[in-house]
Amino acid sequence: MKTNKRTVWFLTLLSLVAVIAIYSINKNPMPFDGMAIFDNSGDKKAVNKEAGDGDKQAPVFAESYLFDDLRMEVLNERSQIQDQLTSKINSLETPSEKNEVFDEMAMLIKRNSVEALMETQIIALGYKDAFVRTEGNMVNVTVLSEDGQSAKQANEITYLVMSTWEDARKVKVDFKGES
């Protein structure tokens, strides 16, 4: 049987991806005891706590869900802009006008990718979540932090944003969470 080198490499890569996927799935299995659901001998915990316990009550919706809502709003807004630009390209006839619209679309895609990159980099600094929005030369950064806020942390985030987005002239950093 005669095989191509490309086919052998493809199958090797495919098997490697399958092995890594199976390993990552089985790496942290969730402990689940199905019989414990039906066990009546387990100790029962009180559902209601008295208000005088001194425990903090967590909000029903975590603040990171707020970031997800904001991301969805931005995604919807930008997809509408993308649709408008696509319909504008179809209606234009001259190549120079079409190039201008393609440049706008490329800038929109660049903004999306840079915002996602900055969010990932800020989370890599040790924060729970981050939301980044670029508007022209202004960059708004909202960070979910358990450690509170400090000028050093804000300067670190500002430096990261200025080094990542070359068009950034003004950076606003807001901290959410426990302070």
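The legends below describe close-up views of one predicted model.

The model is predicted, so that local features require pLDDT of at least 70 and side-chain atom pairs pLDDT 80 or more, while totals for chains, interfaces and linings use all residues. Residues are numbered from 1 along each chain as its sequence is written, and side-chain values use heavy atoms, with hydrogens and water left out.

**Figure 1. Overview of the chain.** The secondary structure comes to 4 helices and 3 strands, in the order α-α-α-β-β-α-β along the sequence. Helices (H or I, at least four residues) and strands (E, at least two) are DSSP runs, numbered from the N terminus. Of the 179 residues in the chain, 22% are buried; buried means under 20% relative accessible area, exposed means over 50%, and partly exposed is in between (1.4 Å probe, protein chains only). Among the contacts (heavy atoms within 4.5 Å) with a separation of 6 or more, 58% join residues 24 or more positions apart.

**Figure 2. Helix α3, residues 95-124.** This helix has 30 residues and spans 43 Å from its first C-alpha to its last, close to the expected 44 Å. The expected span is 1.5 Å times one less than the number of residues. Its buried residues are Val101, Met105, Leu108, Val114, Glu115, Met118, Glu119 and Ile122. An α-helix has 3.6 residues a turn, so residues three or four places apart point the same way. After α3 comes Gly126, with a positive phi near 115 degrees.

**Figure 3. The largest nonpolar core.** A nonpolar core is a set of buried Ala, Val, Leu, Ile, Met, Phe, Trp, Tyr and Cys residues joined through side-chain atoms within 4.5 Å. Of the 18 residues in the largest one, Ile122, Val139, Val141, Ile157 and Val161 touch the most other members. Two or more residues each come from α3, β1 (129-135), β2 (138-144), α4 (151-164) and β3 (170-176). Helix α4 gives the largest share, 4 residues. Apart from this core lies another of 5 residues, including Ile89, Leu92, Val101 and Met105.

Figure 4. Ile122 sits in helix α3 and counts as buried because its relative accessibility is 0%. Leaving aside neighbours within four places in sequence, Ile122 is in contact with Tyr127, Ala130, Val132, Val141, Val143, Ile157 and Leu160. Ile157, with residues up to four places away in sequence not counted, touches Ile122, Tyr127, Val141, Val143, Val173 and Phe175.

**Figure 5. The aromatic pair.** The structure holds 1 aromatic pair. Tyr127 and Phe175 form this pair, which is tilted, at 6.4 Å centre to centre and 50 degrees between the planes. Tyr127 lies in the loop between α3 and β1 and Phe175 in strand β3, so the pair ties together parts 48 residues apart in sequence. Both Tyr127 and Phe175 are buried. Rings of Phe, Tyr and Trp (its six-membered ring) pair if their centres lie within 6.5 Å; planes under 30 degrees apart count as stacked, over 60 as edge-to-face, and the rest as tilted.

**Figure 6. Packing of α3 against α4.** The two helices, α3 and α4, pack at an angle of about 145 degrees, with their axes 11 Å apart. Axes are lines fitted to C-alpha atoms, for helices over the stretch in contact, and angles run from 0 to 180 degrees between N-to-C directions. The crossing of α3 and α4 is right-handed; the term applies if the near helix is turned clockwise from the far one by less than a right angle, and left-handed if anticlockwise. Val114, Leu117, Met118, Gln121 and Ile122 of α3 meet Ile157, Leu160, Val161 and Thr164 of α4. Gln121 counts as partly exposed because its relative accessibility is 25%. Beyond four places in sequence, Gln121 touches Leu160 and Thr164. Gln121 and Leu160 are 8.1 Å apart, C-alpha to C-alpha, and 39 residues apart in sequence.

Figure 7. With residues up to four places away in sequence not counted, Ala154 touches Val173 and Phe175. The C-alpha atoms of Ala154 and Val143 are separated by 9.7 Å. Thr158 counts as partly exposed because its relative accessibility is 24%. Leaving aside neighbours within four places in sequence, Thr158 is in contact with Val171 and Val173. Between the C-alpha atoms of Thr158 and Lys170, 12 residues apart along the chain, the separation is 8.9 Å.
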